[in-house]
Amino acid sequence: MASAFSYNSFGFLLILVAFSSLINISSAGRQIAPKTSIEFIRTSCSSTTYPKLCYESLLTQASMIQTSPQLIAHAALNVTLSTAKSTSALMVKLAKSQGLKSTAVGAMQDCVEELEDTIDELRKSISEMGQIKGSNFGLTINDIQTWVSAALTDENTCADGFGGKNMNGSVKTAVRSKIVTIAHLTSNALALVNSYASFHG
């Protein structure tokens, strides 16, 4: 019995470690980009709510972004989508861990549903951003802004589900912090989409 508990505890610990490292921005593999691209990202991110996170999450894509308001918004949406998908997958695994309170499992299941909506909304936004044209710019950018705003609402709803006291402390801390990070990335992406809309207008 004790060995089974140790195994389950170890598996639970591994998942929490994965959560803690999920959003870590590493300099490994960073491509060398022109200083103008890097400065463009820094300047663009300065108008977001979370500029440091914005800059660090997009710096590795500086060569692709160059100095394009559209490409930086597109990249921010892709980073957010990737993080949402990874977090959702880990939450599914964590919900199956042994020893969790029913309230924690329920909150995670609800959160996974919210994240599925977020992922769908971000995918639609990315698809539309890649096809945006002058003739349909206004309607398309409005759709993107609506979808990204809806994704942000979904993430905040998910985070609120982990605000109660009757929940495993380590789970609450690990999960909620990652959901908040996704919300911050989404907020930054929305700000960059809005900047692109203003620039185009």
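Two or more of the lining residues come from each of α3 (51-58), α5 (69-95) and α8 (169-200). My note on terms: on a 1 Å grid over the protein atoms alone, a cavity is a set of points where a 1.4 Å probe fits but cannot get out, and lining residues have an atom within 4 Å of a point. Helices are DSSP runs (H or I, at least four residues), numbered from the N terminus.

This is a predicted model, where local features need pLDDT of at least 70 and side-chain atom pairs pLDDT 80 or more, while totals for chains, interfaces and linings use all residues. Residues are numbered from 1 along each chain as its sequence is written, and side-chain values use heavy atoms, without hydrogens and water.

I then checked the cavity's volume, the space filled by probe spheres set on the points, and got about 30 Å³. I counted 1 cavity of 30 Å³ or more.

Next I turned to Ala197, which sits in helix α8. Is Ala197 buried or exposed? Ala197 counts as buried because its relative accessibility is 17%, and buried means under 20% relative accessible area with a 1.4 Å probe, protein chains only. Leaving out residues up to four places away in sequence, I found Ala197 touching Phe137, Ile141 and Gln145; contact means heavy atoms within 4.5 Å. Ala197 and Phe137 are 60 residues apart in sequence, yet 8.6 Å apart C-alpha to C-alpha.

Notes:
On a 1 Å grid over the protein atoms alone, a cavity is a set of points where a 1.4 Å probe fits but cannot get out, and a pocket is an open set with protein on both sides within 12 Å along at least five of seven lines; lining residues have an atom within 4 Å of a point. Buried means under 20% relative accessible area, exposed over 50%, partly exposed in between (1.4 Å probe, protein chains only).
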